[in-house]
Every structure is written in C-alpha cells, then in structure tokens.
Amino acid sequence: MAMEPPPLFLCPISMELMEDPVTVATGVTYDRRSIERWFFKYGKTTCPATMQRLASFDLTPNHTLKRVISSWLDRASSSSSPSTAGSPATTTSSSSSNAMERERLPSVLAGIEETPFKATALKNLKSCMAGDEAAREDFVACGGIQVLGRVMTQALAESSAGGDFSAFRTCEEAAAVLATLPLSDDASVELLLKPECMRPVSVLVQRGSAEARLHAMSMICKISRASVRDWTAEVDVDDMVKALLELLSDGASAKLSSRALDVLLDVTARYSRGARRAKAVELGAVRVLAELLLDADRHVAERSLLLLKRMCKCPEGRLAFAEHGLAVAAVARAVLRVSGLATRLAVNVLWLVACAPAPAERVLEDMVVGGAVAKLLALMQVESSPSTKDKAVKMLRAHGAFWRQYPCFPTDLKDYLKSLN
C-alpha cells in the first residue's frame, strides 16, 4: 500500500504533494505553481489559507521543506520495495500497533474536550483512525461523533467571539477526523445531521481552508447519498450556495471545484420551484456556470450544463442567461464536442431559453453568432437521441425566418432552413 504524505507536505490550494514549496508573507507555504495561479491568473490579493490581504507577493523558496519532502519520497520508495512491503513481521507489527491505538480511543475522546491543545489531539486521533476500519467503528460506538460535534460548536463560538484563529483551526481538525468516516449507516448519518455538526460543516464550506472545505463537502456528499432526510434544513442554504459559487469562480483547485459542483447539484435538486432557484441566479449561478464551461473537461461540463438547465427553468435564470455575453457560445461549444450527455443537456438549455414565451432577441442573435444554429443543423445529420433532434428541429422551425436575415448566415444553411418550414 502506498504511503500517504503528511498533511504538511500538501499544498493548501491543490491538496497535492508540493514539488516547489514557497512561502508567502503570512508564513503559509504553497506549491509555487498553485500560488502563482492564484495571484496571477485569478488576480487574488489574499493568502488562500488565512484570507489575509497581502502587502507583498514575494515568494520565498522553502528549501528545508523541499529537502524533507525529498527525503520522505526516498523512504516511501524504499518501504514499498518487494523485499520489505507486506512481510509477515511488518504486518504483525502494524496490526499490534492498531490494536493498541484502538484500546486508547475512549481515553483520547474523553480528554479532547478538556485539553487546551485540541488541534494536536485531533491530529493524533485522525492518525489513529487512518486506514483502520475497526478504529472508525470504535470511534462511532464510543460517541466520537457527538464529542466532535460539541468541540466544533465550542470552537466556532470562541472563534466568532474573539477572532481566535486557533479555535477555528480546531474546528477544521475535527472535520478532518469526521471526514474519514464512511457514513454508510443511518445512525452515523443521523448524528451528523444534528445542528451541532451540520452548522459548523456549513461554516467550513463558506470560510474554511482549502483542505477543510474538501473535508466538509466530502461529508455533505456522503450524507446526501446515505440519507433520505434533507440535510439543508440545518444550514443557511443561500450562504452555502454563495460560498460554493465563489469556489467555482476562483477555480483555484480542480478537487474543490469538482466537489463544489457535486454539492451544488444536491442542493439545487432539493430546491422547491421558483423562489429558491431565482435566489441562486441572483447570487450569480448562471454567470459562474457559463464561464466554467469555457475551459471544462467532460465531467465538469456535464455537471455545469445540468445545473444551467435547472437554473434556466425559471424566468430569472433565462434572463440572466440572455444577458451574459458568452453563455450561448459556451453552451453551443459543448454540442457534438464533449459527450452525448453534454450534447443532450446543452440542447435542453438552448431549448429552454429559445422556446420560452417571448424569447429574448439577444439570445436568438447570439445563437447565430455563437455557432449554436450551425450546431443544431449539424445535429440533423448525425446520430442523436430522438428528443434532442426533435428539440433542434422545433427551434429551427420556430426561429428560421429570424436567423435567415443575417448576412453572416451561410446560403446553404438558409436553403436548409427553408426546407424545414
């Protein structure tokens, strides 16, 4: 089994092993490629981990950490060699160690609420549970979820009262422990759905470090899959959506963006029709999703298009789509280019905005200029689902006369449109 790198070796932005660690003015170390992308591609002026505004963008190479990571990689390579990996002695030693750690678990949990060094105790607890299914089961049986729920609630209260960063760090470390749980049983999920757990998790999504946000969203995704209950009842959904859209807009980490899309899909699936979706549009959902499509891989494109489809089912969503200069072109680009699913979703989005009552003239203009009409015509010539082809034909018939008037529209396509009418 490959050795997991210590958290200190992971870039707080990408959550991947650092190749060229550099330190910013706040003292936090990042991988050079990630932090330069944060500063110079996204125009950020803050430290991603602390959100403090930076007076200087100087990056100081962290040679010590780079040497330590290099040494760790050498040791990891040696320990995974056939001569030592999986030997009976190693396996026996590891099993004995894990058993001893599990025996200490009740006393560790009992001391976490009292110790002033909660963050360190929680790190040790996470280490004790890592890769040990029996330890995770014992943790739940010993009331570990309830203990950490109380720890997170207290830490958030202390952080809010005095701006204590160490207290907030305690909350993040507690979430890191909870994120190791599989949450495959109803009892564990019900415990996490209680306000003392869900509210801190929601806060971490909004303003935690990159790693803490990943942990929080991982828990939400597990809860969503395992529970029939609506987890959003315990959180401020609008604040959650705003934080998720900000994460997607920043685009600093592929892992964070992917997880944020998963949570947004779950949240919007629970939205009642009308007001709640309109609120998401007001928070910038259409703009963020359209811009995300411009540089998206297949998985991101498909999920973004599904979210856009949900947003465009309300009038506010269709208006925001029409007013965004790149939305039509971004959606049209996915047709016949990304995947069959992306094509179906993209045509659905275009159908919603083009065939709504009194569609915006700007949308129809953008469909010509942005290549959407040409893509709809191309759909007539290729194998596609009947419902997708039917929507394309209906759009072409409904607006063919309008599109034929444009000088930029090819003559052969004008003739084809005439044949459809």
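Colleague: Which residues of α4 and α5 meet?
Modeller: In this predicted model, Leu 125, Cys 128 and Met 129 of α4 meet Ala 135, Arg 136 and Phe 139 of α5.

Colleague: And what classes of residue are in that contact?
Modeller: The contact of α4 with α5 has five nonpolar residues, no polar residues and one charged residue.

Colleague: At what angle do the two helices pack?
Modeller: Helix α4 (residues 118-129) and helix α5 (residues 133-141) pack at about 130 degrees, and their axes are 8 Å apart. The two helices are therefore oblique to each other.

Colleague: Turning to α9 and α10, how do they pack?
Modeller: Helix α9 (residues 195-207) packs against helix α10 (residues 210-226) at an angle of about 130 degrees, with 8 Å between the axes. That makes α9 oblique to α10. The crossing of α9 past α10 is left-handed.

Colleague: Which residues make the contact there?
Modeller: From α9 they are Met 198, Val 201, Leu 204, Val 205, Gln 206 and Arg 207, and from α10 they are Ala 212, Arg 213, Ala 216, Met 217, Met 219, Ile 220 and Ile 223. By class, the contact of α9 with α10 has 10 nonpolar, one polar and two charged residues.

Colleague: A change of topic: what volume has the second largest pocket?
Modeller: Its volume is about 770 Å³.

Colleague: How many residues line the second largest pocket, and which lie nearest its centre?
Modeller: The lining has 30 residues, and Arg 37, Tyr 42, Gly 251, Ala 254 and Ser 257 lie nearest the centre. The elements giving two or more residues to this lining are α1 (32-41), α11 (237-250), α12 (254-269) and α14 (285-293).

Colleague: What is the lining of that pocket by class?
Modeller: It has 12 nonpolar, seven polar and 11 charged residues.

Note on methods:
Residues are numbered from 1 along each chain as its sequence is written. This is a predicted model: local features need pLDDT of at least 70, side-chain atom pairs count only at pLDDT 80 or more; totals for chains, interfaces and linings use all residues. Side-chain values use heavy atoms; hydrogens and water are left out. Axes are lines fitted to C-alpha atoms, for helices over the stretch in contact, and angles run from 0 to 180 degrees between N-to-C directions. Helices (H or I, at least four residues) and strands (E, at least two) are DSSP runs, numbered from the N terminus. Angles under 35 degrees count as roughly parallel, over 145 as roughly antiparallel, 65 to 115 as roughly perpendicular and the rest as oblique. A crossing is left-handed if the near helix is turned anticlockwise from the far one by less than a right angle, and right-handed if clockwise. Contact means heavy atoms within 4.5 Å. Ala, Val, Leu, Ile, Met, Phe, Trp, Tyr, Cys and Pro count as nonpolar, Asp, Glu, Lys and Arg as charged, and the others, Gly among them, as polar. On a 1 Å grid over the protein atoms alone, a cavity is a set of points where a 1.4 Å probe fits but cannot get out, and a pocket is an open set with protein on both sides within 12 Å along at least five of seven lines; lining residues have an atom within 4 Å of a point. Grid points are joined across faces, edges and corners, and a volume is the space filled by probe spheres set on the points.
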